[in-house]
Amino acid sequence: MPVALGSPGAPAAPPWANQSSGREFFLLGFAHVPALRPLLAALFLAMFLLTLLGNALIVLLTALDPALRAPMYFFLRHLALVEICFSLDIVPRLLVTLLRPGRGVSPAGCALQLLLVLSCVTSECFLLTAMAWDRYVAICRPLRYGAIMSPRLCHLLAATCWLAGVPVSLVFTVWLFHFPFCGPRGIRHFFCDIAPLLSLVCADTRVLEANVLAATVLVIMVPFCLIAVSYIGVLATVLQMSSATGRHKALSTCASHLIVVVLFYGTTGVIHLRPKASCSPESKQVVSLSYTLVTPMLNPLVYSLRNKEVKAALGRLCCSY
């Protein structure tokens, strides 16, 4: 005799498997390791707080200290603001997913998160490119640096970096959410992203995927190539320097930026260049942690907290209170 629905002996169906639960989506981040969820939540919360503290400190120092008025620190402040926005968009929902599994996300909430993710990733790509170009001008054109990197140009570049991601993210978010979603709405990720959402669509998405690939090449690969060209020029100039001290100082200002560029572009490229890649959703979750949690936390350290000028500014700020 079959077990009656709702009887004590019947296994409880997860909320995302019940199509009568409404139009909500359910984030299934790290569902394959349920025993580790409390530990992961504690770890991610600590990383989140360190990210907010470190980046907020960078914003505060570069805004208040007169010694940190160079274009490099201007762009660094905007990068820190992007990282704060990115973390605030991703981590709170991730913590809710880990601590309260099965809690749904409305389509509007999921679309908003995707919109902000795409916008922040695009803005960060362009900001990293602007920072690389700033280093190129500072090292390869030192006598014209002040004239080229004028305050007006810096503000224009920053505004472009912030606004460039809006049309791209808006177009793809609206386009994706116009498709019909069929069956259980369990998203095998810890945030709403294009790849896991595409797996829930019951329609032909080849045109969308082709456009996502084209946009990814423009947003990720073209800036990466520009960064590579900038640093080839920097390296050529550094090798021609006669002073070992000058070579060391020039390279030290670029090393941290290169580390974060490789980490950020490498992981975002793996995820977004192939939205329906063959690697498992669990593997993509681990890779995504790199640019959603690790890089924002490390940026204040690798970029500036080990920088002598920033350390001096931090000392002056502490002494003033």
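Modeller: A residue is called buried when its relative accessible area is under 20%, exposed when it is over 50%, and partly exposed in between, with a 1.4 Å probe and protein chains only. The model is predicted: local features need pLDDT of at least 70 and side-chain atom pairs count only at pLDDT 80 or more, while totals for chains, interfaces and linings use all residues. Residues are numbered from 1 along each chain as its sequence is written, and side-chain values use heavy atoms, with hydrogens and water left out.

Helices (H or I, at least four residues) and strands (E, at least two) are DSSP runs numbered from the N terminus. By that count the chain has ten helices and three strands, in the order β-α-α-β-α-α-α-β-α-α-α-α-α from the N terminus. Of its 321 residues, 46% are buried. A contact means heavy atoms within 4.5 Å; among contacts with a separation of 6 or more, 78% join residues 24 or more positions apart.

Now the interior itself. A nonpolar core is a set of buried Ala, Val, Leu, Ile, Met, Phe, Trp, Tyr and Cys residues joined through side-chain atoms within 4.5 Å. The largest such core has 65 residues, and Phe-30, Phe-44, Phe-75, Leu-128, Tyr-265 and Tyr-303 touch the most other members. Two or more residues each come from H1 (37-64), H2, H3 (107-140), H5 (151-176), H7, H8 (244-272), H9 (281-305) and H10 (308-319). H2 gives the largest share, 14 residues. Another core, of 20 residues, lies apart from this one and includes Leu-118, Phe-181, Leu-198 and Val-201. As background, nonpolar side chains in soluble globular proteins tend to be buried together.

Tyr-265, leaving aside neighbours within four places in sequence, is in contact with Cys-125, Leu-128, Thr-129, Ile-220, Pro-223, Phe-224 and Ile-227. Phe-30 sits in the loop between S1 and H1 and counts as buried because its relative accessible area is 6%. The phi angle of Phe-30 is near 60 degrees, a positive value in a residue other than glycine.

H2 (residues 71-99) also carries Pro-92, which is partly exposed at a relative accessible area of 34%. Beyond four places in sequence, Pro-92 is in contact with Phe-48 and Ser-87. The C-alpha atom of Pro-92 is 9.7 Å from that of Phe-44, although 48 residues separate them along the chain. From Cys-85 to Val-117 the C-alpha distance is 9.2 Å, over 32 residues of sequence.

Charged pairs come next. A salt bridge is a side-chain nitrogen of Lys or Arg within 4 Å of a carboxyl oxygen of Asp or Glu, and the structure holds two. One joins Arg-135 and Asp-134 at 3.0 Å, N to O. Arg-135 is buried at 11% relative accessibility, and Asp-134 is buried at 1%. The other joins Arg-206 and Asp-204 at 2.8 Å, N to O. Here Arg-206 is exposed at 63%, while Asp-204 is partly exposed at 48%.

Two strands pair if DSSP finds at least two bridges between them. The three strands form an open sheet in the order S2-S1-S3 with mixed pairing; the edge strands S2 (104-105) and S3 (186-187) each pair on one side only. S1 (residues 25-27) and S3 run parallel, over two bridges, and Leu-27 has Ile-187 in S3 as its bridge partner.

Last, the surface. Accessible areas come from the Shrake-Rupley method with a 1.4 Å probe, and for residues only the protein chains shown count as cover. The chain exposes about 16,000 Å², of which 71% belongs to carbon and sulfur atoms. Patches are made of residues with over 30% relative accessible area and no salt bridge, like charges being joined within 9 Å and nonpolar side chains (Val, Leu, Ile, Met, Phe, Trp, Tyr) within 5 Å. A nonpolar patch of about 550 Å² is made by Leu-213, Val-217, Leu-218, Met-221, Val-222, Phe-224 and Leu-226. Val-217 belongs to H7 (residues 206-239) and is partly exposed at 34% relative accessibility.
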